[in-house]
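Here is a friendly walk through one protein model, from its overall make-up down to single side chains. Have the viewer open as you read.

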Amino acid sequence: MAEDYYQTLGVTKSATADEIKKAYRKKAMEFHPDRNPGNKVAEENFKKASRAYEVLSDADKRKLYDQHGEAAFDQGAGPSPGARGGFRGADPMDIFNQMFGGGGGGFGDMFGGGGGAQEAAGEDLRVDVKITLEEAAEGVERKIPYRKHIACTKCSGTGAEAGAKKRRCNTCGGHGQVIRSQGFFQMRQTCPDCHGEGEIIDRPCRACSSEGRVVGESTATLRIPPGVDNGTKLRSSHNGSAGRRGAPAGDLYVVVTVLDHELFERDGDDLICSVPVKFSVAALGGQINVPKLKGKTLLKVPAGTQGGTLFRLRGEGMPKLRGSGAGDMVVRVDIDVPKKMTDAQKDALKAYAKACGDEDAPVSDSWRQKFKRFFG
């Protein structure tokens, strides 16, 4: 059954040349052998897409195909001599490489490269910054000093002396890349002579050795938003190293470390605070002062509160980095047992113990029953 080239690429017969090219790019990326190793079905689909593109991308061949179908390209059987040798015997990889500026034969070629020298952006950089928990809650602006590649002032980033000329690199032919063969494989590499520029400068700048950049000091002002946590990574666009010979700068990544706090522990957006409570207040009930990141608040402690009891104050934690609102403040009660007492205090406590029967039963009835059940 004759193959429909339009259907193979997923386009209509009225498709423009650009639509055909885009359709083939999509099919080639999906079925390329490098992306589907050992998959015979994908390999066959890649060949079909390449065959269809080879015909439909050529105005004359497309016209013959529209008139006579695949028969127009059968060796020795076409309706006109000009149709002979159309696709039959052509290498799908050659067609693929021609479209994507190749010659490399590798799947990576379709993502750029090969059609000419490519400007390589400068390197991305990382700096670490430490802030307090209060700064993490409020947000803070920091000026961050660091070293990076900056544009050479002598040549204004061009890498060339005044009046210098450029010529096409003979090694790569101006492509910025060369092909290296290793057995059955071919690899595309940056040209060692022009370093990917595709051009050679006859009089390179001596201050920067034709790089167009030198290492220098820089400062970036960064706004750290409220709610950041340990390990939060913030990006400052175009504040990384300058690219070679005027290429765009990379980005600066700032990794935040939030310092430990003497009162608060952090659990996500929640803050945890252990507050000592007098035994008398825990037993009789009362109010205690609880610290917050900003100020303090009163917390009502019910009579009979046990050590380890947790109280949650809604919305008093850290602001949410993404979204609105804030976490909670979790107050953990620690019973404050006095280390030193006066004789009067000791006598009063002994009287309390005697009134409670603590002298004869140092543990509660409920715990004693649990103890008995555990040991049978």
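## Ground rules and overall make-up

Helices (H or I, at least four residues) and strands (E, at least two) are taken as DSSP runs and numbered from the N terminus. By that count, the protein chain has nine helices and 15 strands. This is a predicted model, in which local features need pLDDT of at least 70 and side-chain atom pairs count only at pLDDT 80 or more, while totals for chains, interfaces and linings use all residues. Residues are numbered from 1 along each chain as its sequence is written, and side-chain values use heavy atoms, with hydrogens and water left out.

For burial, the scale is relative accessible area: buried means under 20%, exposed over 50%, and partly exposed in between (1.4 Å probe, protein chains only). On that scale, 35% of the 376 residues of the protein chain count as buried. A contact means heavy atoms within 4.5 Å. Among the contacts in the protein chain with a separation of 6 or more, 62% join residues 24 or more positions apart.

## The loop between β8 and β9

Now to Asp-251, which is found in the loop between β8 (233–236) and β9 (252–258). Is Asp-251 buried or exposed? With a relative accessibility of 13%, Asp-251 counts as buried. Once neighbours within four places in sequence are set aside, Asp-251 is in contact with Glu-123, Asp-124, Leu-125, Arg-235, Ser-236, Ser-237, His-238, Asn-239 and Gly-240.

One of these partners deserves a second look. The side chain of Asp-251 reaches the backbone nitrogen of His-238 at 2.9 Å. This falls under polar contacts (a pair of N or O atoms within 3.5 Å; within protein, one must be able to donate a hydrogen and the other to accept it, and residues adjacent in sequence count only if both atoms are side-chain atoms). His-238 also lies in the loop between β8 and β9, and it counts as exposed at 56% relative accessibility.

## Two positive phi angles

Most residues other than glycine have a negative phi. His-238 is not a glycine, yet its phi is positive, at about 65°. Ser-156 likewise has a positive phi, near 60°. Ser-156 sits in the loop between β2 and β3 and is exposed, with a relative accessible area of 62%.

## Salt bridges

Side chains of opposite charge can pair when their charged atoms come close. A salt bridge here is a side-chain nitrogen of Lys or Arg within 4 Å of a carboxyl oxygen of Asp or Glu. Searching the whole structure finds 24 salt bridges. One of them joins Asp-128 to Arg-126, with the closest N and O atoms 2.9 Å apart; Arg-126 is exposed, at a relative accessible area of 57%. There is also a network of salt bridges that links Glu-123, Glu-211, Arg-213 and Arg-244.

Which parts does the salt bridge between Glu-161 and Arg-206 (3.5 Å, N to O) bring together? Glu-161 lies in the loop between β2 (140–151) and β3 (166–168) and Arg-206 in the loop between β6 (199–201) and β7 (213–224), so the pair ties together parts that are 45 residues apart in sequence. Glu-161 is buried at 16% relative accessibility, whereas Arg-206 is exposed at 69%. Lys-166 and Glu-199 form another salt bridge, at 3.8 Å from N to O. Here Lys-166 belongs to strand β3 and Glu-199 to strand β6, so parts 33 residues apart in sequence are tied together. Lys-166 is partly exposed, with a relative accessible area of 48%, and Glu-199 is partly exposed at 35%.

## The largest pocket

On a 1 Å grid over the protein atoms alone, a pocket is an open set of points where a 1.4 Å probe fits, with protein on both sides within 12 Å along at least five of seven lines; lining residues have an atom within 4 Å of a point. Grid points are joined across faces, edges and corners, and a volume is the space filled by probe spheres set on the points. The largest pocket holds about 420 Å³ of space. Two or more lining residues come from each of α7 (279–284), β15 (329–336) and α8 (343–356).

The lining of the largest pocket includes Phe-279, Ile-335, Met-341 and Leu-349.
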